[in-house]
Amino acid sequence: MQVVLSLLLALTSGTLSLDKLNMCMDSKNHKTEPGPEGELYLQCSPWRDNACCTANTSVGAHKDNSYLYNFNWNHCGVMSPKCKKHFIQDVCFYECSPNLGPWIHQVDQSWRKERIIDVPLCMEDCHDWWEDCKNDYTCKSNWHKGWDWSSGVNKCPEGSTCRIWTEVYPTPKSMCEELWFHSYLYTTLPKSSGRCMQLWFTGPNPNRKVAEYYLNNAQQRQSFASTKLLLLAIAFLSLRMY
């Protein structure tokens with residue numbers, strides 16, 4: 001009976017919540033719950049109807065050496081404006097989106113308790129980002145960690161050299177997946193597919209339906225696993241009865 005109870009507990013503990021379609025990460029600058037923001041600054045404005053960021057955060061997202069993270073985009077010379085706009089959009093997406101629930105994972109870091117992993121980005125967003133940055137320079141492929149923070153602002157670590165973008169990231173895939181240590185997953189899916197998350201959009205937010213698609217797939221997999229557990233429990237009970 002103890003085994004059966006354990007199996008049934010596993011069934012219930014695997015239940016996925018629809019809250020994952022409308023939630024904020026437990027992180028440094030995020031609101032506790034998503035909601036409307038009257039005004040969000042420039043590139044963050046598409047999320048104004050339902051956002052995990054505040055107006056102040058949206059302003060900070062557009063600044064060099066922003067107070068949000070003290071991160072210096074210009075660590076290998078001045079980043080070109082056409083490249084920087086993609087990083088601003090990336091910050092807006094990360095800080096403001098309420099639809100990242102299916103990809104949120106717990107972490108043990110001083111500045112956040114959760115992060116995103118393998119968010120499937122639309123092909124256009126990765127390709128345009130890489131194309132607009134290909135003539136810029138950086139000294140690291142993984143911007144998530146390994147910087148010299150001794151001055152309070154990120155600098156290239158000792159022994160590293162600034163290299164042209166295409167040497168560090170030969171392809172859009174390598175950039176999208178390595179830049180923030182697998183926060184994003186490169187896909188060949190276009191925006192029209194409805195199966196990839198969009199960094200750039202106008203009008204109604206298309207990403208809720210994408211998150212719903214992936215959440216439903218996860219629930220189906222969980223349901224299949226739960227059915228197998230239930231059958232095992234029934235089989236175990238049958239054996240105990242004989």
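Analyst: Happy to! Let's start with burial: buried means under 20% relative accessible area, exposed means over 50%, and partly exposed lies in between (1.4 Å probe, protein chains only). With a relative accessible area of 13%, Lys 84 is therefore buried. Please keep in mind that this is a predicted model, where local features need pLDDT of at least 70, side-chain atom pairs count only at pLDDT 80 or more, and totals for chains, interfaces and linings use all residues. Residues are numbered from 1 along each chain as its sequence is written, and side-chain values use heavy atoms, with hydrogens and water left out.

User: What makes Asp 64 and Lys 84 a salt bridge?

Analyst: A salt bridge is a side-chain nitrogen of Lys or Arg within 4 Å of a carboxyl oxygen of Asp or Glu. For Asp 64 and Lys 84 the N to O distance is 2.9 Å, so the pair meets that cut-off. Asp 64 lies in the loop between H2 and H3 while Lys 84 is in helix H3, so the pair ties together parts that are 20 residues apart in sequence. Helices (H or I, at least four residues) and strands (E, at least two) are DSSP runs, numbered from the N terminus.

User: Why does Asp 64 count as partly exposed?

Analyst: Its relative accessibility is 39%, so Asp 64 counts as partly exposed.

User: How many salt bridges does a search of the whole structure find?

Analyst: The search finds six. Among them is Lys 31 with Glu 37, at 2.8 Å from N to O; Lys 31 and Glu 37 are both buried. Another is Glu 131 with Lys 134, where N to O is 2.6 Å. Glu 131 is partly exposed because its relative accessibility is 37%, and Lys 134 is partly exposed because its relative accessible area is 27%. As background, side chains of opposite charge can pair when their charged atoms come close.

User: How do you know that a disulfide joins Cys 53 to Cys 96?

Analyst: A disulfide is a pair of cysteine sulfur atoms within 2.5 Å. The S to S distance for Cys 53 and Cys 96 is 2.1 Å, so the pair qualifies. This pair links distant parts of the chain: Cys 53 sits in the loop between helix H1 (2-13) and helix H2 (55-60), Cys 96 in helix H3 (residues 81-96), and they are 43 residues apart. Cys 53 counts as buried because its relative accessibility is 0%, and Cys 96 is buried because its relative accessible area is 0%. The structure holds eight disulfides.

User: Why is the disulfide of Cys 53 and Cys 96 right-handed?

Analyst: The torsion about its S-S bond is about 95 degrees, so the disulfide of Cys 53 and Cys 96 is right-handed. For Cys 126 and Cys 176 the torsion is about -125 degrees, so that disulfide is left-handed. This second pair also links distant parts of the chain, with Cys 126 in helix H4 (residues 123-133) and Cys 176 in helix H6 (residues 172-178), 50 residues apart. The sulfur atoms of Cys 126 and Cys 176 are 2.0 Å apart, and both residues are buried.

User: What makes Cys 139 buried or exposed?

Analyst: Cys 139 counts as buried because its relative accessibility is 8%. Cys 156, with which Cys 139 forms a disulfide, is partly exposed because its relative accessible area is 21%. The torsion about the S-S bond of Cys 139 and Cys 156 is about -95 degrees, so the disulfide is left-handed.

User: Why is strand S2 described as largely enclosed?

Analyst: Four of the five residues of strand S2 (residues 112-116) are buried, so the strand is largely enclosed by the rest of the structure.

User: What does Ser 174 contact, leaving aside its neighbours within four places in sequence?

Analyst: Contact means heavy atoms within 4.5 Å, and beyond those neighbours Ser 174 is in contact with Tyr 169 and Leu 179. Ser 174 is found in helix H6 and counts as buried because its relative accessibility is 11%.
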